[in-house]
Amino acid sequence: LDYEPCMPALDNFMGIPLGRGARRWQPIAVIGLANRAGGFETELEAELTPLLGACGTVLKAYEDADERAAREAELERTEQRFRTFMDASPCIAYITDSERRLVWASRAFGQQFRVDPREAVGRHEDELLPGGMAARTREINEQARVADGFIDMLEPIVDANGVIHWWQGAKFPLDGLAGERLVGSLALDVSDNVRMTDVLRQREAAL
């Protein structure tokens, strides 16, 4: 290099780009070498090949870590959108694993069964649902686990006070992050609608 007032101690310099991609090469960094006795020549590139390979590997690891962090951040945003959407619904919604333990529950689930949805995670369905509902749920879960799609439900359940509630919803299989088989459940108390339908039928019969 010719004398440069801003860099008086730099006698010679070589910059080598590091990149990735065989078909479409993309630079990701530049490695710089300076002040080599006798300067640099093209033959030196062959001697630097192992060093450049190691540098490329390290930089690729950092790049992969950035991409992984970005994917995890997007996954977290997606999960937050999903929870916001489901928590706004009056439907009871929850997901169970192969042992019928909850892995996720909605706000409506917590309100219906008087439990914090976060504390419900890891607990068994039979601990959280009323006896009649838990027994029927156990049967439908086995069907849903091997189903190809949704299993629609309209079930009468007797609560602790002896009152019949009609629940309408669906169960369906889901694949977990590790490939495990999960079961998703949606349910809505439609007792008022069913009772209204019965009243209308009675009135129609009377007419």
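Me: How many cavities of 30 Å³ or more turn up in a search of the whole structure?

Reply: The search finds one, where a cavity is a set of points on a 1 Å grid over the protein atoms alone at which a 1.4 Å probe fits but cannot get out. This is a predicted model, in which local features need pLDDT of at least 70, side-chain atom pairs count only at pLDDT 80 or more, and totals for chains, interfaces and linings use all residues. Residues are numbered from 1 along each chain as its sequence is written, and side-chain values use heavy atoms, with hydrogens and water left out.

Me: And how much space lies in the largest cavity?

Reply: About 190 Å³, a volume being the space filled by probe spheres set on the points, which are joined across faces, edges and corners.

Me: What lines the largest cavity?

Reply: There are 17 lining residues, meaning residues with an atom within 4 Å of a point, and those nearest the centre are Met-133, Thr-137, Met-153, Trp-167 and Ala-187. The largest share, four residues, comes from α5, helices being DSSP runs of H or I with at least four residues, numbered from the N terminus.

Me: Switching to the largest pocket, how much space is in there?

Reply: About 500 Å³, where a pocket is an open set with protein on both sides within 12 Å along at least five of seven lines. Its lining has 20 residues, with Glu-79, Phe-82, Ile-95, Trp-104 and Leu-182 closest to the centre.

Me: Which element gives the most to that lining?

Reply: That is α1, with five residues.

How values were computed
Helices (H or I, at least four residues) and strands (E, at least two) are DSSP runs, numbered from the N terminus.
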